[in-house]
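Please keep the model open while reading.

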Amino acid sequence: MSPLINPNNAHNFSGGPGALPQSVLEQVQQAILCEPDTGLSILGISHRSDWFAGVLAEVQQNIRQLLGIDTNYQVLMLQGGATQQFSQIPMSFLNGQATPPDYLCTGYWSRKVLGEAERSARLRVVWSGASSDYRRLPEDAELAFAPDAPYLHYVSNETVEGLQFHRLIGHPDVPRFCDMSSDFLSRPIDATQFSFIYAHAQKNLGPAGVTLVLLREELLERMPDQGLPGWLDYRQQVRAQSNYNTPPVFAIYVVLLVTRWLLHEIGGLAAMHAINQRKAARLYDLLDASDGFYQGRAAPPDRSLMNVVFTLPTPELTADFLAAAQRAGFYGLNGHRAIGGIRASLYNGLGLPAVEALIDFMQSYQQQATTRRWG
Ligand SMILES: *Cc1c(COP(=O)(O)O)cnc(C)c1O
């Protein structure tokens with residue numbers, strides 16, 4: 001392995017930007033000097049080149065293939081992060097609507113979504129997890145969706161609290177809009193049940209700088225003309241095939257490599273899901289078998305496969321654990337600054353051996369801490 005590649009990538013549990021597959025990093029390293037098809041550095045290739053048009057087309061095609069969707073879904077690659085979508089969605093789809101859209105408030109990222117959306121629209125919050133401290137997701141019986149809402153918006157995986165929906169929710173007559181930033185392409189989904197999916201790259205798909213948006217054609221037909229600036233207008237972006245102004249060429253190229261890795265090395269989303277299930281199960285089993293030494297935050301039925309959030313019995317032990325883990329070469333285990341604690345993020349790019357190494361570390365840490373206390 002080249003010394004330019006940081007071996008700690010193998011133990012990178014960062015919540016985002018997250019670890020990318022080693023084989024992708026090696027191709028990126030090569031492409032920075034000389035992208036094999038063009039003989040040029042990826043950092044200096046024109047966004048108007050035929051080569052880059054091919055990259056954009058192949059990303060779209062690979063995403064459609066991975067999700068089993070047709071060309072009635074447009075795949076856009078936009079800038080501004082997931083956060084831009086929080087406001088671009090209500091700005092684009094609510095003009096002249098008599099009824100408010102439905103939103104779920106299931107955690108930190110939902111609250112951010114609501115904060116932005118409320119600036120431009122009146123909304124209805126169908127359910128909030130505030131009273132349960134965002135430790136669980138709603139059950140079906142708690143969800144009374146409005147049948148005439150212009151859309152339902154929710155977050156499929158709450159990255160900070162470690163909560164993930166393991167079922168489809170919503171009203172059959174209401175278009176589903178979903179922020180999948182932290183679990184997109186980590187498992188198969190029935191994408192045809194969604195009108196609008198968005199996910200920035202930097203958790204499962206690539207580096208920061210590009211956000212994928214999948215939207216159904218019909219949605220564009222029904223979209224009122226809002227007089228938005230061109231770059232905030234989904235129709236203009238579709239017409240320009242994500243090349244309205246200079247797109248983040250490098251980030252999009254890395255997303256291409258990740259989609260190829262998913263298709264050809266992993267073997268598709270069902271195979272990726274099986275790996276992700278195995279990784280998360282190993283870690284949750286350890287929490288559950290630790291006699292309360294490691295306490296998981298999320299209600300077990302809603303546990304996220306992507307973000308495993310837990311604490312130790314005291315804040316002092318939690319802090320000591322984090323320091324010891326860092327010394328042992330584990331990176332990015334500190335919980336989100338909003339809630340503290342520990343968060344192990346197990347995105348696609350993080351392999352099972354890294355999780356096994358963490359489990360060994362956690363077992364011996366528990367043993368030592370218990371001996372220190374009682375021995
Ligand atoms: C990290 C995260 C975001 C933030 O995205 P930006 O690209 O930084 O704007 C939004 N939604 C979810 C679910 C996230 O996990």
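A polar contact is a pair of N or O atoms within 3.5 Å; within protein, one must be able to donate a hydrogen and the other to accept it, and residues adjacent in sequence count only if both atoms are side-chain atoms. This is a predicted model, in which local features need pLDDT of at least 70 and side-chain atom pairs count only at pLDDT 80 or more, while totals for chains, interfaces and linings use all residues. Residues are numbered from 1 along each chain as its sequence is written, and side-chain values use heavy atoms, with hydrogens and water left out.

The protein chain is assigned domain 1 (7-21 + 268-374) and domain 2 (23-266); such bounds come from an automatic or database domain assignment. Their C-alpha centres are 27 Å apart. Across the boundary, 35 residues of domain 1 are in contact with 38 residues of domain 2, contact meaning heavy atoms within 4.5 Å. The two domains bury about 2900 Å² between them, with 59% of it on carbon and sulfur atoms. Buried area here is the accessible area (1.4 Å probe) that two parts lose on being put together, summed over both. Of the area that domain 1 buries against domain 2, Pro21, Leu269 and Arg297 supply 26%, more than any other three residues.

Between the domains there are 18 residue pairs in polar contact, both residues at pLDDT 80 or more. On the side of domain 1 that touches domain 2, α8 (269-288) and β11 (307-311) each supply at least two residues, and the largest share, eight residues, comes from α8. Helices (H or I, at least four residues) and strands (E, at least two) are DSSP runs, numbered from the N terminus.

The count of salt bridges between domain 1 and domain 2 is one, where a salt bridge is a side-chain nitrogen of Lys or Arg within 4 Å of a carboxyl oxygen of Asp or Glu. Arg297 forms a salt bridge with Asp133, and the closest N and O atoms are 4.0 Å apart. Asp133 sits in the loop between β3 (124-128) and β4 (152-155) and has a positive phi of about 55° although it is not a glycine.

Which residues come nearest to the ligand? Of the 14 residues around the ligand, they are Thr83, Thr159, Asp179, His200 and Lys203; a residue counts as near if one of its heavy atoms lies within 4 Å. A polar side-chain atom of Asp179 is 2.7 Å from a nitrogen atom of the ligand. For His200, an N or O atom in the side chain lies 2.6 Å from an oxygen atom of the ligand.
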